Amino acid sequence: MSFECADNYDDSIRNKLKTLKSLKEQVDWNNEEERYRLLYNLYPVISDWNDDQLPELRDIFQPREIEHLLSDSVDLTSGFQHHHRGQRFIKFALATGYKDTPEMEEENGNEQQPLLRRTTAIHRAARFHSPINHTAIGELFKAYDRYDANYIDEWGYTHFHAACEYGFVDVVEKFLDAGQDPDCRLVATATPKSIVDPPLHLALAWGYKTRWRRC
């Protein structure tokens with residue numbers, strides 16, 4: 001789609017889209033400092049966006065770029081001083097209707113399965129306990145809502161762990177309904193350097209004892 005010629009956008013939105021495209025093209029996506037600078041520069045562009053004319057985020061950024069921006073937004077959110085900038089991009093992404101789509105891989109000649117070994121913005125947010133990060137994780141689960149895709153980071157920590165540890169009962173229920181093992185036993189055996197407690201242990205450790213009845 002040509003942002004400049006989209007008939008359903010008014011002139012101010014077309015100008016914003018041009019600005020986003022220009023800012024994106026100036027970024028070395030392997031450079032964390034440049035990505036942070038992009039988030040700072042995005043803030044004034046997206047902060048007053050008309051909700052009636054929100055873009056399709058994938059028309060502007062590649063999936064890997066969106067992942068970077070969400071993860072870097074979490075880092076800004078965790079930093080408190082600039083947390084509103086990180087929160088704003090997450091809210092903007094959700095408002096556009098962005099949903100994560102897992103990469104697929106063929107497993108032992110069988111039908112394709114989601115590629116699960118991947119560190120996401122939820123993993124990043126779960127590393128630092130704070131009310132702001134708790135809120136961010138709850139918001140991010142609206143984008144990472146494929147409950148058959150329980151992403152695993154390098155330490156064996158999964159999205160299901162995060163849902164249990166942070167008390168998101170509705171998310172836990174959806175994982176269980178999708179067939180998730182409450183103990184994540186396959187994760188423990190498939191990740192040799194895993195240092196993560198079982199999900200239920202994390203839930204109990206963080207005070208959610210009365211919430212877990214199905215486990």
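This is a predicted model: local features need pLDDT of at least 70, side-chain atom pairs count only at pLDDT 80 or more; totals for chains, interfaces and linings use all residues.

**Layout**

From the N terminus on, I read the elements as α-α-α-α-β-β-α-α-α-α-α-α. That is ten helices and two strands, taken as DSSP runs numbered from the N terminus (helices are H or I, at least four residues; strands are E, at least two).

Residues are numbered from 1 along each chain as its sequence is written, and side-chain values use heavy atoms, with hydrogens and water left out.

**Whole-chain numbers**

I looked up burial next: 46% of the 215 residues count as buried. Buried is under 20% relative accessible area, exposed is over 50%, and partly exposed is in between (1.4 Å probe, protein chains only). The accessible surface comes to about 11300 Å², and carbon and sulfur atoms hold 47% of that; the areas are Shrake-Rupley values with a 1.4 Å probe, and for residues only the protein chains shown count as cover.

I also checked contacts, meaning heavy atoms within 4.5 Å. Taking those between residues at least 6 apart in sequence, 68% join residues at least 24 apart.

**Core**

Which residues have the most contacts inside the largest nonpolar core? I found Leu70 and Phe89, in a core of 54 residues. Helix H2 (residues 32-46) gives the most to this core, with six residues. Domain 1 (9-98) and domain 2 (116-214) both contribute residues, so the core lies between them. The domain bounds come from an automatic or database assignment, and a nonpolar core here is a set of buried Ala, Val, Leu, Ile, Met, Phe, Trp, Tyr and Cys residues joined through side-chain atoms within 4.5 Å.

Not counting residues up to four places away in sequence, Leu70 touches Phe89, Ile90, Ala93, Tyr98, Ala121, Leu140 and Tyr144.

**Helix H1**

Buried residues in H1 include Ile13, Leu17, Leu20 and Lys24. An α-helix has 3.6 residues a turn, so residues three or four places apart point the same way.

Asp100 sits in the loop between helix H4 (83-95) and strand S1 (104-106). Buried or exposed? Asp100 is buried, at 6% relative accessible area. Its side chain makes a polar contact of 2.7 Å with the side chain of Tyr151. A polar contact is a pair of N or O atoms within 3.5 Å; within protein, one must be able to donate a hydrogen and the other to accept it, and residues adjacent in sequence count only if both atoms are side-chain atoms.

Leu115 also has Tyr151 among its contacts, along with Glu103, Met104 and Glu105, leaving aside neighbours within four places in sequence. Leu115 is in the loop between strand S2 (112-114) and helix H5 (121-126), and is partly exposed at 30%.

Arg88 is in helix H4. A polar atom of the Arg88 side chain lies 3.1 Å from the backbone oxygen of Ile46.

Thr158, in the loop between helix H6 (131-140) and helix H7 (159-165), is buried at 0%. I logged a 2.8 Å polar contact between the side chains of Thr158 and His161.
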